[in-house]
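Subject: Structure handover

Hello,

The structure we discussed is below, with the sequence. My notes on what was found follow it.

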Amino acid sequence: MKFGVIRFPGSCDEVDAQLACQRVGEAVILWHGDRDLQGVDAVVVPGGFSYGDYLRVGAIARFAPVMEEVAEFAHAGGIVLGICNGFQVLCEAGLLPGALLPNTSLRFIFRQVELEVASADSPFTGTCSPGERLSIPVKHTTGRFYAPDEQLTQLEGNDQVLLRYAPGQNPNGSLRDIAGVCNEGRNVFGLMPHPEHAVDPLTGPTGGMPIFESIRAHVADHALVQ
Amino acid sequence: MRARVLVTPKAGILDPQGQAVERALPALGFTGVRNVHVGRLIELDVEDPGSLPEMCQRLLTNPLIEDYVVESVESPGRDPIGGSAGGAESPGGDSIGSSPGRTPGAVTLPSGVAEVPNPS
């Protein structure tokens, strides 16, 4: 399979994301100003500080030319993964519910966190078991997941919360310990932790690998069905 | 037209910046201060003021988490303490739009406040 990783001005995790994707398939970098997704099977919107985080995190990046293509791809059922700043961009673009607010501590946080798989029924967690723990680092200032109360209940009812911070691990004040959510169609997923930084045993835990392996498995199954 | 967009966190959303400021003020002897919220100010010259609400909802604010008030500014060089936060009632400032359900700023500063010299 082929991944496309977007590079915005200010992205900084696109190379790690590309390397992580390359552990399970091919991966190319997609420039923010291009409208061509190059026939990829899945898009990764990576971490960083797209457009300098000016105005609000993700607010300007969502209007990048490539994002129009990503929106079209997502609406057609294409697999889209947003990591950290990519999660913020997808929320601003309306492709994911909710918004990310400054951490309650108002500090930049950089640490390893334990996550729990809240739902394994998705293209992003399909190879995991519900309740499985993944150890993945977070590094952000604006990672407090917020949605109005009734929307949170709706997200939980629809099984759209895929990852939660394990008890006592919530680093940023995210409501209901939500670390990652998907859209109603379950083909767009955003999370604040960085799975692409947790794929190489040389540098620590490999809790990020199941995310990429799940996407590969999903795309392979989907190709067989077709 | 010169416009000013005041953006504030939506009521009910935890605002740690506002809380930090609220906790800092008593340390300087300012008591009786509550409900501090820290927002953002955007000023812009705009040919079509009618487009401001859409600008606010599509880019300048995130309506899920922020409220806004749009005001016109007659002359940009006005006394910043007097401000135009008074909305329709303040001299030179007309409130021309705001988040749905939000009352455009009806804050009128006591006359003495504008005469306090800026400590900086």
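Two residues are taken to touch when they have heavy atoms within 4.5 Å of each other. The model is a predicted one.

By that criterion, and leaving aside residues up to four places away in sequence, T206(A) touches A198(A), V199(A), D200(A) and P201(A). T206(A) sits in the loop that runs between β11 and α5 (209-225) of chain A. Its relative accessible area is 34%, so T206(A) counts as partly exposed. The C-alpha atom of T206(A) is separated by 7.6 Å from that of I136(A), although the two are 70 residues apart along the chain.

Sheet of chain A

Chain A has an open sheet of 9 strands with mixed pairing, in the order β2-β1-β3-β4-β11-β10-β9-β6-β7. The edges are formed by β2 (26-31) and β7 (133-140) of chain A; each has a single partner strand, so one side of each is without a neighbour in the sheet. From one strand to the next the twist averages 25 degrees.

Within this order, β10 (residues 178-182) and β11 (residues 188-191) of chain A pair in the antiparallel sense, over 3 bridges. V181(A) has G190(A) in β11(A) as its bridge partner.

Helices on the sheet

Helix α3 (residues 85-92) of chain A packs on the sheet and touches β3, β4 (79-83), β10 and β11 of chain A. The direction of α3(A) makes about 120 degrees with that of β4(A). How many residues of α3(A) are buried? The count is 8 of the 8, so α3(A) is largely enclosed by the rest of the structure. The buried residues are N85(A), G86(A), F87(A), Q88(A), V89(A), L90(A), C91(A) and E92(A). Just after α3(A), G94(A) takes a positive phi of about 80 degrees.

Helix α1 (residues 14-21) of chain A lies across β1 (2-7), β2 and β3 (42-45) of chain A. Helix α1(A) runs at about 175 degrees to β1(A).

Strands of chain B

In chain B, strand β1 (residues 2-9) runs antiparallel to β2 (residues 40-45), and 6 bridges join them. R4(B) stands opposite E43(B) of β2(B). Strand β1(B) is also joined to β3 (residues 66-73) of chain B, by 8 bridges and again with the strands running antiparallel. On that side, T8(B) has D67(B) in β3(B) as its bridge partner.

Regards

Technical notes
Residues are numbered from 1 along each chain as its sequence is written. Chains are lettered from A and ligands numbered from 1 in the order in which they are written. This is a predicted model: local features need pLDDT of at least 70, side-chain atom pairs count only at pLDDT 80 or more; totals for chains, interfaces and linings use all residues. Side-chain values use heavy atoms; hydrogens and water are left out. Two strands pair if DSSP finds at least two bridges between them. Helices (H or I, at least four residues) and strands (E, at least two) are DSSP runs, numbered from the N terminus. Axes are lines fitted to C-alpha atoms, for helices over the stretch in contact, and angles run from 0 to 180 degrees between N-to-C directions. Buried means under 20% relative accessible area, exposed over 50%, partly exposed in between (1.4 Å probe, protein chains only).
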